[in-house]
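Subject: Structure handover

Hello,

I am passing this structure on to you. Please open it first, then read the notes below it.

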Amino acid sequence: MNHGGGRLTLADYAESARRRLEPGVWDFVAGGAGDERTLAANSAAFDRVRLRPRMLSGVAEPALGTRVLGRAWAAPLGVAPMAYHTLLHPDGEVATAAAAGAAGVPFVVSTFAGRTFDDIAAATASPLWLQVYCFRDRGVTRGLVERAAQAGFEALVLTVDAPRLGRRLRDVRNGFRLPPGIEPANLPGTGFSSPGEHARTAFDPALDWTVVEWLRSISPLPVLIKGVLTASDTRRAIRAGADGVVVSNHGGRQLDGAPATLEVLPEIAAEVSGRCAVLLDGGVRRGGDVLAALALGADAVLLGRPVLHGLAVAGRDGVADVLGIVNEELADAMALSGCPAVADAGPPLVVPAGDGRPAAAVRPRPAVSEGLAKEDLHSSVSDPVLDTMNFLNEITHRYPDAISFAPGRPYDGFFDPEQLFAHIRRYMDHLAASGHSPAQVRDALFQYGPTSGQIRELVAKSLRLDENIDVPAESVVVTVGCQEAMLLALRALVAGPDDALLVSSPCYVGITGAARLLDVEPTAVEEGPDGFRCADLETALRAERGRGRRPRAFYVIPDHSNPSGATMGLEERHELLKLAAREDFLILEDSPYRLVSPGRQLPTLKSLDRERRVIQLGSFAKSLFPGARVGYAVADQLVTDRAGNTSLLADELTRIKSMVTVNTSALSQAVVGGMLLAGEGGAAEHNTDTARHYGEAMRATIRELDAALPEAERAALGVRWNRPSGGFFLTVTVPFPADNAALARSAEEFGVIWTPMSYFYPQGGGERTLRLSVSYLTHADIHEGTARLARFIRVAARH
Ligand SMILES: Cc1cc2nc3c(=O)[nH]c(=O)nc-3n(C[C@H](O)[C@H](O)[C@H](O)COP(=O)(O)O)c2cc1C
């Protein structure tokens, strides 16, 4: 890009602006509160972070685009709210909006904008958000919000760090007054010439967190809280229903001595854990600073003073150039550090200055005696995936009377505690009948058992009977639930950072969570409207190879998938097996819902597998009972060492399992073994009633939804759902963001709970879809729950 007047950096723009502006105006923009320690700390924090270069990463054109609150931004960058752009240029906010619009980035318009909302909105097609100061007279604030909404603004940013304005000593010394004609164009009244004085009389100094609720009650727009600097305030903001937080100290203009925003970002990002958007402002002066903030947990940053510098120097063009410089620098930084896309930026990308180690944070660590710093723990504990269910649990707990379509639990009605004893007895009799002495039977229940499992023969037999999968018992490892099977398979298969795991997306969180525990970042292969497509997997495989990575395995739930409910067709199954052979990868097949679904099921991938391409990850949680925590892996692949000795992959999984859970509970295996024996050796026998029950629950849910939101109405609203023939889940697409805020509202006001589908997309997506689980509810609950859901959808769709 040809930058204006030889200005190549934001520092060049600051210098030009300083020369051009009256000293009093320059000080008003540049200054901070008190001794300006926080102001200085903001940029110093960026100076203390180094970016780690990555060589030969193949990142030619880094993708700067991102999504925030469901809207596409051309770059992870927006304009921070700042009062009176008209002080810097007569076009004021209109020029800024035009430049932001041209760059495809959002603009947060201050309560004290010098131009009207309508004029600003006419200048840009990019998102506009309103920054809100709450006045003593709530009517003034309400009027402001309503006018912004009418002008098409998309979100509210409530500034919470300014119940009064900070002591800005430069302004005090200069006796700074706004020049005549510089006024807030969207506020009634007069007396604005001294910003500090005006704030003292007009701002409500006694605000507490109920203001968020109030704001939400007067406007349907998403609300972000600006000025959050601690984990505890972040928690409060989320509890109050915030859709996002802006980590900000007001550019050092409020509490002098407050920490730099970058310093506290990791703490806040860890607290948020994906529950809402995280933005940061303060001291961002280069593209590399943007990347550092992304790496430490921000979804995007806001740029403050440099925008005003651009405006002062050359109006709209100046702002455009400032944004362009940052974007170019960001693209350079991403390419040179091997970061292909915004979502790929994470802690390993940065390191504190003077330290060779990857940094989780630049914050000084407390001594262990003072407690542990979360960022000193493995990154998985701060991973949103591992936290997704917390919000759901919290909501379920908070609204116990709500009908919940969230849990994928089996229906309780089929469980009889007394039966457990009969199953154990049957298993003991089976051991005795097959030649075990009384002492051996006792040991089988009381002692450590074989790591690979003592019921692998029974499991192998059940696979033959139920699923036509014919494998020797030696290829079965009995695991602690299917979750352990996933962990073992991933640990064995992914040998290093260049081995790629691909997952069908939306994806069961168990596999993404297990992957993250092992520092494996799964690559999402997006399902189409009718489920998984081989062609998309093939493209993703090629892309991985292009990045120098070896596609190792592809995880998929072919039948009645969790969460989408989709089922892979027979042809697609054959094609997937052929693709695996051609492209040389393994398939991780997870199929927990087959036996509990009505009607004939398509053959499993494993039963069609002639080349030992499929590792089946099995579960008895749905077909017998989840409390047993018994699952299995079928891994009949041959493994050859350098000396030419061979083993089965199952043996290697067993080796790993010996250091994870040693063996699966002998008692649980006894119960499951006894159940399989009762079912003539298979689990299908136990499931004729359950499959009918779940099938009816699914049909009832679809029927009730059809009745509650008739076809014409849902077409008008833009609502639709899929119609799985089995499994526990279906998905509903809605015309509004189905996020945590919507869920909270649905639970509180309409008494119905569901799961946001965005939880299940490892690389973003599903923002307007929700998942319903039908397994756990009675028909009466389904009837009432769908009626409540329809009411919620109707109301939410209207806003
Ligand atoms: C001149 C000026 C005016 C500002 N006005 C507002 C405002 O009206 N509302 C608000 O929330 N923040 C306001 N801020 C703070 C910015 O939104 C932002 O937090 C800060 O400027 C970011 O830091 P940076 O300037 O170092 O990029 C203002 C900042 C400046 C420099």
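Start with a loop. S273 sits in the loop between α11 (261–272) and β10 (277–281). Its phi is near 45°. That is a positive value in a residue other than glycine. Keep in mind throughout that this is a predicted model.

**Domains**

The protein is divided into three parts: domain 1 (4–340), domain 2 (384–408 + 689–798) and domain 3 (417–682). Note that domain 2 is written as two segments, 384–408 and 689–798. Taken over C-alpha atoms, the centres of domain 1 and domain 3 are 50 Å apart.

**The ligand**

Which residues are closest to the ligand? They are P81, S110, T159, D281 and R285. In total, 22 residues surround the ligand.

- A nitrogen atom of the ligand lies 3.0 Å from a polar backbone atom of A83.
- An oxygen atom of the ligand is 2.7 Å from an N or O atom in the side chain of T159.
- An oxygen atom of the ligand is 2.9 Å from a polar backbone atom of G304.

How much of the ligand does the protein bury? Alone, the ligand exposes 600 Å². The protein buries 98% of that.

**Cavities**

Rolling a probe the size of a water molecule over the atoms shows where empty space is left. How many cavities of 30 Å³ or more does the structure hold? There are four.

Take the largest cavity. It holds about 520 Å³ of space. Its lining is made of 33 residues. Nearest its centre are P81, M82, A83, H250 and R253. Of the elements, α8 gives the most, with three residues. By class, the lining of the largest cavity has 17 nonpolar, ten polar and six charged residues.

Now the second largest cavity. Its volume is about 190 Å³. The lining counts 17 residues, and E467, S591, L595, S619 and Y632 lie nearest the centre. Two elements give two or more residues to this lining: α17 (456–467) and β19 (614–619). The lining of the second largest cavity divides into seven nonpolar, six polar and four charged residues.

**A pocket**

Turn next to the second largest pocket. About 920 Å³ of space lies in it. It is lined by 35 residues. Which of them lie nearest its centre? P407, G408, R409, Y508 and K622 do. At least two residues of the lining come from each of α14 (384–398), β13 (403–404), α18 (481–493) and α19 (509–517). The lining of this pocket also draws on two domains: domain 2 and domain 3 each supply at least three residues. Its residues divide into 20 nonpolar, nine polar and six charged.

**Cis peptide bonds**

Two places to check along the backbone. S505 and P506 are joined by a cis peptide bond, with omega about 10°. P506 lies in the loop between β15 (499–505) and α19. Recall that α19 also supplies at least two residues to the lining of the second largest pocket.

The peptide bond from N562 to P563 is cis as well, and its omega is near 15°. Where is P563 placed? It is in the loop between β17 (550–556) and α21 (570–583).

**Where to look first**

Begin at P81 and A83, which lie by the centre of the largest cavity. Then go to the second largest pocket, with its lining from domain 2 and domain 3. Finish with the cis bonds at P506 and P563.

Best wishes

Terms used
Residues are numbered from 1 along each chain as its sequence is written. This is a predicted model: local features need pLDDT of at least 70, side-chain atom pairs count only at pLDDT 80 or more; totals for chains, interfaces and linings use all residues. Side-chain values use heavy atoms; hydrogens and water are left out. On a 1 Å grid over the protein atoms alone, a cavity is a set of points where a 1.4 Å probe fits but cannot get out, and a pocket is an open set with protein on both sides within 12 Å along at least five of seven lines; lining residues have an atom within 4 Å of a point. Grid points are joined across faces, edges and corners, and a volume is the space filled by probe spheres set on the points. Helices (H or I, at least four residues) and strands (E, at least two) are DSSP runs, numbered from the N terminus. Ala, Val, Leu, Ile, Met, Phe, Trp, Tyr, Cys and Pro count as nonpolar, Asp, Glu, Lys and Arg as charged, and the others, Gly among them, as polar. Domain bounds come from an automatic or database domain assignment. A residue is near a molecule or strand if one of its heavy atoms lies within 4 Å of it. A polar contact is a pair of N or O atoms within 3.5 Å; within protein, one must be able to donate a hydrogen and the other to accept it, and residues adjacent in sequence count only if both atoms are side-chain atoms. Accessible areas come from the Shrake-Rupley method with a 1.4 Å probe; for residues, only the protein chains shown count as cover.
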